[in-house]
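These are notes for a colleague opening this structure for the first time. Please read the points below with the model on screen.

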Amino acid sequence: MSFPKPALRPARPYFSSGPCVKRPGWSAEVLASALVGRSHRSPEGRQRLQEVITRSRDLLGIPQDWRVGIVPASDTGAVEMLLWALAGQEHSRPSEAPGNATDLKPKSSRRSMDVLAFESFSASWAQDVSEALGLEEVRTLSAPYGQLPDLTQVNWNHDVVVTWNGTTSGVCLPGPDSIPAHHGGLVICDATSAAFAMDLPWERLDAVTWSWQKALGGEAAHGMVALSPRAAARLEEGAARPLPKIFRLTKGGRMIEGIFAGDTINTPSMLCVEDALDGLRWAERIGGLPALRQRARKNLALVAQWVAQREWISFLCETPAQRSCTSICLKFTAPWFEALSRADQAGAVRHFTGLLAAEQAGYDLAAHRDAPPGLRIWGGATVEAADIAALLPWLDWAYAQTRRAFATDVLPELKEPGA
């Protein structure tokens, strides 16, 4: 039998994992009061930038003794500036050799680093510190897409680089206890798809990054950093290597405090600033971080209920406690799909997502190019649950059409998916 097209389409069929869909009710009119043509260093410009910092701090519950600032190049720039400043940093330690007093003179050594790599971006951080920076004091703890590395193998006395939510794998840390309350090294956390959607245990972290383009639907090219007093002290000890201006958070051995008070390293887009403020104000109006988390979790629950009733698709992450509620990654498990070559699997996914886009039922639903061929549905707080619910029947329809086009075992009377 044929599988008919669903009658209802999502009102906003935008499911990209970055830039993400705007908040409900957004229009370009929210940018009318942007400081277009004004300097970001004017009193008014600094005030708007400081407002982004203050509202972000309050909404995320960042401790007051942390520094929060706006930096260039989105989350990637934020992570890289911390890695280049901290990775391979030298520190003093007492000599372990017995003998006279000269043996006890502190000696210099490089700090060791553990990097958790379980999707494309976290793998990039591991590659940067081990290859681009050429450090030998690096351990990469890897896991395939859909899994986390063995957290019991992390040496928390090392500096640790961890991605809280794998945007390209749909895997996230299961909770605050993933990181010990007491650790000797710094915990550098890439939180770009977790901030504003998940609980972040600030008391267990030291340096956290995110971008505007994710969970609040902001525009690209702007990142943010939040630094604990421990992280700031370490940065003031001195960078491990000379840094270009765009990466510098310190000058003369002291933090550049202006970065955390509305000054920026380079020129930001004041249109993007106004848009970021609109997203933050919307989040406050609907109930703050608890409401944002609830919206994202509801979206994940809808997808999970739908997946549970179908045999041809499942979560890329098989452990429920580790499934992302923002970047919801799915894999095709039908035998006909698994029998295809990797290239044909990718072609089938392009066909599947192309059908949805042509019907204006869903855009940007293919898995990341580095991930196994499959689907990725952004479920962050700016996505309406009603649009997720309207999308799911269209996935059934697209599956039926794609199976006809790619499977070799299709019967004349193809059953409805999930039946």
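1. Contact here means heavy atoms within 4.5 Å. In that sense, helix α3 (residues 120-132) lies across β4, β5, β6 and β9 (187-190). Its direction runs at about 150° to β4. Please keep in mind that the model is predicted.

2. Seven strands form an open sheet in the order β1-β11-β10-β9-β6-β4-β5, and the pairing is mixed. At the edges stand β1 (67-72) and β5, each of which pairs on one side only. From one strand to the next, the twist averages 20°. Helix α1 also packs on this sheet, where it touches β1, β10 (207-211) and β11 (222-227). The direction of α1 makes about 125° with that of β1.

3. Strand β4 (residues 113-117) can be followed residue by residue. Five of its five residues are buried, so the strand is largely enclosed by the rest of the structure. Both faces of β4 are covered: M113, V115 and A117 are buried on one side, and D114 and L116 on the other. Here, buried means under 20% relative accessible area.

4. The two neighbours of β4 can be checked through its bridges. With strand β5 (residues 138-142), β4 pairs in the parallel sense over five bridges, and the partner of M113 in β5 is V138. With strand β6 (residues 159-163), β4 also runs parallel, joined by three bridges. D114 has V160 as its bridge partner in β6.

5. How do the axes of α1 and α5 cross? Helix α1 (residues 43-60) and helix α5 (residues 270-286) have axes that come within 10 Å and cross at roughly 35°. The crossing is left-handed. On the α1 side the contact is made by G45, R48, L49, E51, V52, R55, S56 and L59. On the α5 side it is made by M270, V273, E274, A276, L277, L280, R281, A283 and E284. By class, the residues of this contact are nine nonpolar, two polar and six charged.

6. Strand β15 (residues 327-332) pairs with β16 over five antiparallel bridges, and C329 stands opposite R376 in β16.

7. The axes of α6 (residues 288-308) and helix α9 (residues 385-406) come within 9 Å and cross at roughly 25°. That angle makes α6 roughly parallel to α9. The crossing is right-handed. From α6 the contact takes K298, N299, L302, V303 and W306, and from α9 it takes A385, I388, A389, L392, L395 and D396. These residues divide into eight nonpolar, one polar and two charged.

8. Helix α9 has another helix partner, α8 (residues 342-358). The two pack at an angle of about 135°, with their axes 9 Å apart, which makes α8 oblique to α9. This crossing is right-handed. D344, G347, A348, H351, F352, L355 and L356 in α8 meet W394, L395, W397, A398, Y399, Q401, T402, A405 and F406 in α9. The classes here are 11 nonpolar, four polar and one charged.

9. Which residues does L395 touch, leaving aside those up to four places away in sequence? They are W306, W312, F352, L356 and I377. L395 sits in helix α9 and is buried, with a relative accessible area of 1%. L395 and L375 are 20 residues apart in sequence, and their C-alpha atoms are 9.9 Å apart in space.

10. Q345 lies in helix α8 and is buried, with a relative accessible area of 13%. Not counting residues up to four places away in sequence, Q345 touches F337, E338, L340 and P373.

Technical notes. Residues are numbered from 1 along each chain as its sequence is written. This is a predicted model: local features need pLDDT of at least 70, side-chain atom pairs count only at pLDDT 80 or more; totals for chains, interfaces and linings use all residues. Side-chain values use heavy atoms; hydrogens and water are left out. Axes are lines fitted to C-alpha atoms, for helices over the stretch in contact, and angles run from 0 to 180 degrees between N-to-C directions. Helices (H or I, at least four residues) and strands (E, at least two) are DSSP runs, numbered from the N terminus. Angles under 35 degrees count as roughly parallel, over 145 as roughly antiparallel, 65 to 115 as roughly perpendicular and the rest as oblique. A crossing is left-handed if the near helix is turned anticlockwise from the far one by less than a right angle, and right-handed if clockwise. Ala, Val, Leu, Ile, Met, Phe, Trp, Tyr, Cys and Pro count as nonpolar, Asp, Glu, Lys and Arg as charged, and the others, Gly among them, as polar. Two strands pair if DSSP finds at least two bridges between them. Buried means under 20% relative accessible area, exposed over 50%, partly exposed in between (1.4 Å probe, protein chains only).
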